[in-house]
Amino acid sequence: MGSSSSNLNTIPNSQELMQETGFSAAHLLRLYERFEFLDKDNKGHLRPEDFEAVQELSTNPIGDIIIGSFFSPGQETVDFPSFVRILAHFRPAEKNRTRDGAQPEPANSSTGKLKFAFQLYDRDRDGKISREELLQVLRAMLEMQVTEEQLESMAERAIQEADLDEDDAISFDEFKKSLEKVNIDHKMSIHFMK
Amino acid sequence: MPSRTGARSSRSRPELGLLLLGMFVLLGGSLVPLGAASSADAAGGSTGKDAECNKTKTEHNITKKAFPVLSLEYGHVKVPFEISLWVLLASLMKLGFHLIPRLSGIVPESCLLISVGLLVGLLIKLAGEDVPPVLDSKLFFLCLLPPIILDAGYFLPIRPFMENLGTILMFAVVGTLWNAFFVGGLLFAACQIPQAGLSDVGILPCLLFGSIISAVDPVAVLAVFEEIHINELLHILVFGESLLNDAVTVVLYHLFEEFSLVGSVTVLDGFLGVISFLVVALGGVLVGAIYGFLASFTSRFTSHTRVIEPLFVFVYSYMAYLSAEVFHLSGIMALIACGAVMRPYVEANISHKSHTTIKYFLKMWSSVSETLIFIFLGVATVDGKHKWNWTFVTSTVILCLVARVIGVVSLTFVINKFRIVKLTTKDQFIIAYGGLRGAIAFSLGYLLDCRHFPRDMFLTAIITVIFFTVFVQGMTIKPLVDLLAVKKKQEAKRSINEEIHTQFLDHLLTGIEDICGHYGHHHWKDKLNRFNKKYVKKFLIVGERSKEPQLIAFYHKMEMKHAIQMVESGSRLPSAMPSTVSMQNIQPKIPPALPKPAERALPQLRKGREEEIRKILRSNLQRTRQRLHSYNRHTLVADPFEDGLNEFLLKKQKMIELDKKIKEMTTYLTVPAAAADSPTMSRARLASDPQSYHVRPTADGVPSIQVDLASPDSPDSVKLLDEFRQAEKQEQDEDQGLMMRPPSSGPNKPGGKDEAKEQQKLMRCLSDPGPGADEDEDEDEPFLP
């Protein structure tokens, strides 16, 4: 793609972004095109309404939660670097990267992915998934197909199973432990197209 | 004969086994000559009869003999008799192997069975009789193979299969093609060596041979891989490959067979071959899917005739196989598609008992089939007219190995570019090493026309390869797996957390894919699920069950499981568990004897008693088994609780109603030493057994107590109560055990009007001994109970 390098210059801080997130130039370009597509009014940033315009998201039970995750708390717009940073979580992890201890945990490592997912549950960002937060997620996923008390008992059960330090909430480590059998790399990766 | 065995029964078991073997072989051997060809007799007999009627009636001068009090006429039962004898032999062998303690750990069953077959064949030959053509291709392909494939297809773990479909297809199609051409081509080159004396073997027969020998065999793979408990990914890769390469094998086989007669192949033929492959593969799947949908649709209406439900599953599947075979499509793929398609819908429709029946029958048939196949392989080896040619055979073996290794390595190199989770070298080694050949290759070889092909030489080579792979590779794969520290199958106790989070992640990934505009894996899966939910399920699943969301189904499954386990462990509950399990006073009193001290007191929830149950479970569970989706031949641990949840749901509702009712009652039944009588337990017990909904009274000496019909579901609960008690008291005190009397311990508050402490009629209606008992047995021992 000969034109990619020239277009890359239209993306501000593209080199930094590539460095930070590990996306290749082609990927980054594609994401930028998508960003521009979503940004219908050409504002340069995205608002919740732009996300809601994506049709399939409306049928997704946790669509709102996902949209919410793009926006930092308190903010109402998402610019391109933030957009890319969030999506970087879903890049397939590289196995053989040598890391020195000083580097921060890359976003697309197992732990990074898990942390992202954890934050989707933990809305108030207190580091724990409380019963109420779990109930909210369950309610959203089960879309009123079950009674409230079934939901409650499920949430109760879930917390009981996972909660090892008995504080009636699920911390990040407990969350990680309950998912230890799931191959997170595989589960939470998207094969970004070039 | 009986006396002989009686006299020697005191001896050691292996001898008994061998003795039985000897007995049966002699019996079989002596009976073989009692008729010429099996079918000829019967056929001759029937037409003869008609012909006889038309003969003149002049031959009336039959001398009067004494009326035969006891006579012997074997001819007319010959065929079924021999078949039964073989089946019996196979089953006894299976029994015998597991009686010998260490043998099954060292040697895989398939090897033992082939050895037995060799032995039997030798014995028959020594007795001077003709070995019956046991591995006759018709018998094999129509009777022995379908049960195994159906079993594999019905219990196929869909999720890992679909996730790795691309890889599996690559291995199956490209890998098999590569193997076939490599082996065939180089074999032809080897044949050209002057000393071999094989220069009359043309290129096309060689290629045909290559295509026969190159296919990985599902029967052998199943037999060996099941015993090594390898991780799911590798299992599904090798196994999936063995299933899907059938289409390739069928096409190549027919292609080369046709063209060997003609003598040459043109480009057009090659092109037609490719088209044929697509037709065979996709056609097979289509046929299977059609029958699968038919079966699902039929099962929708079976609520009044539960007894024949399993029959539909079997017959539709077999019809799918046969229909595919009619058109020379891939029967194996049809069978797999049929089983996989019909399973979710059928299981939602049929009763719990039918589900158990299907499960057991499939496992039984496939087990017997597999055993028979291996024994027959042994017998056929002894029988065959072998033509040993050093060059041919050794080069075949070597080329097969080399081709497999090269194929796997190069394909993995390509595939890894597209996979998210790459295949490591260890994985590649296991995949290459697990490429076992088996009876399918032999049967295909047997089908060859001996006038056009050096069939005997081919068969010898095929058998050698099979023996090599099964014995050498089969026996060494287990230590190699341990040596290389390959990841084993995880004891996956699937928690509800895992389920919730996995579903959450699925939705998350679908959402992210949509945001990226990327129509990937999750997107299509989601679309398929939606379509399924919206249209297909409504059509194929009866009534309300079509609406149950998966998560809730899973949750209830877990609850049931735990309730069952609780009941099981209830018999081991220490009497230090005094517990007045008060319905109203929800504070669970955890006795200090429990090893897990840190149970926090729960707030008074309606669910409090469930909490208690769970705590009891967690602290006292000794055998927490995972009910896996089992594609394991030897253990029947497929989830018994997958269905019947709907009944359970209803019960759950009732339980909750009951709960509310009880809360209003002031007095409460106290649980004696074994927390058995608690309505809690009984209700949980009830909950654990959905089939208890269909109550069937039996009169076989089970003491009965009257039910107080005040409670809506007392008959069931009480029946189960009895079960539980009997387990607990080890079937002593039958009378006493049934009364819900307050025993001496603890402050007893007789009451609990719902679970009447008076007469309660107990009915034991569980016809299968209860999933709990079975499950554990199944897990412990590698053969069918």
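Buried means under 20% relative accessible area and exposed over 50%, with partly exposed in between (1.4 Å probe, protein chains only). By that scale, E148(A) is partly exposed, at a relative accessible area of 37%. This is a predicted model, in which local features need pLDDT of at least 70 and side-chain atom pairs count only at pLDDT 80 or more, while totals for chains, interfaces and linings use all residues. Residues are numbered from 1 along each chain as its sequence is written, chains are lettered from A and ligands numbered from 1 in the order in which they are written, and side-chain values use heavy atoms, leaving out hydrogens and water.

**Interface between chain A and chain B**

- Contact (heavy atoms within 4.5 Å) involves 59 residues of chain A and 62 residues of chain B.
- The two chains bury about 5400 Å² between them, 61% of it on carbon and sulfur atoms; buried area is the accessible area (1.4 Å probe) that two parts lose on being put together, summed over both.
- In chain A, the residues that lose the most area to chain B are R157(A), Q160(A) and K187(A), together 14% of what that side buries.
- Between chain A and chain B there are 0 salt bridges, a salt bridge being a side-chain nitrogen of Lys or Arg within 4 Å of a carboxyl oxygen of Asp or Glu.
- The count of residue pairs in polar contact between the chains is 5, with both residues at pLDDT 80 or more. A polar contact is a pair of N or O atoms within 3.5 Å; within protein, one must be able to donate a hydrogen and the other to accept it, and residues adjacent in sequence count only if both atoms are side-chain atoms.
- Helix α10 (residues 148–162) of chain A supplies the largest share of the side of chain A that touches chain B, 10 residues. Helices (H or I, at least four residues) are DSSP runs, numbered from the N terminus.

**Salt bridges**

- Over all chains, the count comes to 18 salt bridges.
- R131(A) pairs with E156(A), the closest N and O atoms being 2.6 Å apart. This pair links distant parts of the chain, from helix α9 (residues 131–142) of chain A to helix α10 of chain A, 25 residues apart.
- Within that pair, R131(A) is partly exposed at 22% relative accessible area, whereas E156(A) is buried at 2%.
- E148(A) and R139(A) meet in a salt bridge at 2.9 Å, N to O, and R139(A) is partly exposed at 33% relative accessibility.
- Salt bridges that share partners join D39(A), D41(A), K43(A) and D50(A) into one network.

**Two buried residues**

- S69(A), in helix α6 (residues 63–70) of chain A, is buried with a relative accessible area of 13%.
- The side chain of S69(A) reaches the backbone oxygen of I66(A) at 2.5 Å. Not counting residues up to four places away in sequence, S69(A) touches I86(A), F116(A) and L120(A).
- I168(B), in helix α9 (residues 165–191) of chain B, is buried with a relative accessible area of 0%.
- Not counting residues up to four places away in sequence, the residues that I168(B) touches include F161(B), I236(B) and L244(B).

**Helix α6 of chain B**

- Helix α6 (residues 109–126) of chain B has 18 residues and reaches 25 Å from its first C-alpha to its last. This is close to the 26 Å expected at 1.5 Å a residue, the expected span being 1.5 Å times one less than the number of residues.
- Among the buried residues of α6(B) are C111(B), L113(B) and V120(B).
- Just after α6(B), G128(B) takes a positive phi of about 85 degrees.
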